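Good morning, colleagues. Please turn to the sequence and the structure, which I shall now present.

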Amino acid sequence: MKNGTAVSGKMAPAAAKDRTDPIYRFIRIVAVVSIFFLFFPGLNPARICGLINKNISLFTTGVSYSALTNGFGKAFRKAWVTEATMRGLQFSSLAIIIGIIAQCAASVFTTGSNRMKRISTLVVIGGTALSIIGCVGIYLAYLTMTTTIKPQKVLPEIPGTFFAMLVITALMLIAAVLAMVLGKRSKKGDPVTMPSKFQLFAMCLPFIILCFLFGYLPLYGWRYAFFDYKAGGTLSLDNFVGTKWFTYLFTNDSTRSDIIRVMKNTLGISGLGIATSWCSMAFAIFLNEIKNKHYRRFVQTFTTIPNFISWVLIFAIATAIFSSDGFISSLMVNAGIWKKGVNMLANGHHVWLQMLAWSLWKGLGWGAIVYIAAISGIDQSLYEAANVDGAGRFAKMWYITVPELIPTYMVMLLMAVANILNNGMDQYLVFENSANSANIMVLDLYVYKLGIGSGLIPLSTAIGMLKSVVSVILLFVANGISKVTRGSSII
């Protein structure tokens, strides 16, 4: 009887767990699906009239009133739409956003103990209730627009995604209520904990979300490369052109010559950066040899600060030193060596070396940080054994420190090879002028000029796509070379 009681006591929680686990899995899946409604314009449930931009997402609708009402000037003046209606639409969208964020955050913690599950479920219920309130507010705004004096000017409509959002939110609410009813009740003294593996996942989740938002979500914009799109226009089958812009890159003589020139600059400047990538490692090694702790910290801080200075300010410093009325020109003119000042920034000579010098000055201390961390992990017994053998300071650096840093350097080198086409844009944008434009035009700057300057958004998107594909290919090639030559891979 005692054993039977013990067995039944152990089985009861397991049975309760089996009943609620599928429900919680459903809640997590629905929470992930809800995120897409926030950031994809095509899924925006708040686009309830034809005057709202088709390219605006639910997130932008809720946080930016100016973006939501862009193009509503005449509608406000003619009283076709009131500002109160649009404010109500914005606040309703914001309520849905907060509700979805609460649902997603709480769904992560449904992996914890029973008490944590129930607390998280209550948060899910609150979030879904807030989202439903937001949906009601959107519908009321739609009803208000249908009663305007000229609805044909406003084109009120309820998008299909509105009903999809309402159904998904209702299903999550039902699932959360079922989980509360069917789940085992918690006591006041029950622990509020999570398994360690889920704790680590919860810690990584914000960075995963940021990576998705800034690394993968922008890939949704690749669709512009397949349309004949102009700023402010729409995407439809009427302007779908397939691979027209990709073939245009290679069939148009002017564009092809520009691409060749830009690629030469990109590969040349990146190649110089790769050739001097060892400088950060060498700087870290010599910095580590400074015995005075305070002086070493000062040097490290002083050389790291430039990384946090914007390229605009760096260009201002360069102008103050190298312009026709800058420090060097004034010094040379006053000394009688030059008759007049010379603008050393406005010439096309040695542009690659100039950009390399500024990049080294800006990033040397920052790039050394990873090597300083690697040096701190070197086994100190190796240096002690070298001291016993009579090795000097430079011998220890060459035979111990450098070999121990080679694996870290190889990883950084291979990553640099994979990113050989990614020079960035801001440095070259601020230093560009009519004299050096032909030699400073790198791929990122060229794409910016095409897309923003010339309005050729599809062509610039196509170039950006090809650059990303080539970079990924280079990454895997570099990884394969590393695996063959060093026996280890970086991915």
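I begin with E289, which sits in the loop between α12 (278-288) and α13 (293-304). Helices here are DSSP runs of H or I with at least four residues, numbered from the N terminus, while strands are E runs of at least two. Before I continue, please note that this is a predicted model, in which local features need pLDDT of at least 70, side-chain atom pairs count only at pLDDT 80 or more, and totals for chains, interfaces and linings use all residues. Residues are numbered from 1 along each chain as its sequence is written, and side-chain values use heavy atoms, with hydrogens and water left out.

Is E289 buried or exposed? E289 is buried, because its relative accessible area is 14%. Buried means under 20% relative accessible area, exposed means over 50%, and partly exposed lies in between, with a 1.4 Å probe and protein chains only.

The side chain of E289 makes a polar contact of 3.5 Å with that of R393. By a polar contact I mean a pair of N or O atoms within 3.5 Å; within protein, one must be able to donate a hydrogen and the other to accept it, and residues adjacent in sequence count only if both atoms are side-chain atoms. R393 and E289 also meet in a salt bridge, at 3.5 Å from N to O. This pair links distant parts of the chain, with R393 in helix α19 (residues 393-418) and E289 in the loop between α12 and α13, 104 residues apart. R393 counts as partly exposed because its relative accessibility is 44%.

How many salt bridges does the structure hold? There are 7 salt bridges in the structure, the term being used for a side-chain nitrogen of Lys or Arg within 4 Å of a carboxyl oxygen of Asp or Glu.

Another of these pairs is E157 with R47, whose closest N and O atoms are 3.1 Å apart. E157 is partly exposed at 36% relative accessibility, whereas R47 is buried at 13%.

I turn next to D444 and K467, whose side chains form a salt bridge of 2.6 Å, N to O. D444 belongs to helix α22 (residues 443-453) and K467 to helix α23 (residues 457-486), so the pair ties together parts that are 23 residues apart in sequence. Both D444 and K467 are buried.

Two residues deserve attention for their backbone. Most residues other than glycine have a negative phi. L155, however, has a positive phi near 55°, and its place is in the loop between α7 (151-154) and α8. H350 likewise has a positive phi near 55°. H350 lies in the loop between α15 (327-334) and α16 (351-367), and is exposed, with a relative accessible area of 60%.

G326 is in the loop between α14 (311-322) and α15. With a relative accessible area of 5%, G326 is buried. From G326 to V342 there are 16 residues in sequence and 8.8 Å in space, C-alpha to C-alpha.

Finally, V177 is part of helix α8 (residues 160-182). The C-alpha atoms of V177 and W358 are separated by 60 Å, and the two residues are 181 apart along the chain. V177 is partly exposed, at 40% relative accessibility.
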